[in-house]
Amino acid sequence: MNNPTPPYEQVRREIIEQVRTGELTPGDKLPAIRVLAGDLGLAAGTVARAYKLLEEAQIIVTRRGAGTTVAPGAPMEARKLASTVQREAGGPIDAGLVSLFAGPVAAARARGARDVEILASVRAALAGESGERA
């Protein structure tokens, strides 16, 4: 994989962005750690680390038996963290690059793909994986 950012950090940033943009709203249920790890092709410990950091940042809340949900004050916290995440990612996002991806992302969403699946597919493409299975 060409992305030097650790996978747990990529998961953390993606969830923060989904909360910031309103794709995830307070009370929305997140996938169980093992389910999300399986969807993304990551170890459960990697996703658990991301969830732990998100809990510490008051973005998500995990309750035994009730699962993991977006915290009540998460949108405000996500907006605060977004500028930090952007700086960590290397500054402002290139609008030209965003426009290159807008069409394919819209097409993937129209097919019912979730953002985490789209992101995993982009990561696979960056890593040179075709995604085809024998």
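Q: What volume does the largest cavity have?
A: A cavity is a set of points, on a 1 Å grid over the protein atoms alone, where a 1.4 Å probe fits but cannot get out. Volume means the space filled by probe spheres set on the points, which are joined across faces, edges and corners. Here the largest cavity comes to about 40 Å³, and the count is 1 cavity of 30 Å³ or more. Keep in mind that this is a predicted model, where local features need pLDDT of at least 70, side-chain atom pairs count only at pLDDT 80 or more, and totals for chains, interfaces and linings use all residues. Numbering starts from 1 along each chain as its sequence is written, and side-chain values use heavy atoms, without hydrogens or water.

Q: Which residues line the largest cavity?
A: Lining residues have an atom within 4 Å of a point. Here they are Val-11, Glu-14, Ile-15, Leu-36, Leu-40, Val-116, Leu-119 and Arg-123. Helices α1 (7-20), α2 (33-40) and α6 (115-126) each give at least two of the lining residues; helices are DSSP runs of H or I, at least four residues, and strands are runs of E, at least two, numbered from the N terminus.

Q: In what order do the 3 strands of the open sheet come?
A: Strands of a sheet pair through backbone hydrogen bonds, either parallel or antiparallel. Pairing takes at least two DSSP bridges between two strands. In this sheet the order is β1-β3-β2, paired antiparallel. That puts β1 (29-30) and β2 (60-63) at the edges, each pairing on one side only. β1 is joined to β3 (residues 67-70) by 2 bridges, and Leu-30 sits opposite Thr-68 in β3.

Technical notes:
On a 1 Å grid over the protein atoms alone, a cavity is a set of points where a 1.4 Å probe fits but cannot get out, and a pocket is an open set with protein on both sides within 12 Å along at least five of seven lines; lining residues have an atom within 4 Å of a point.
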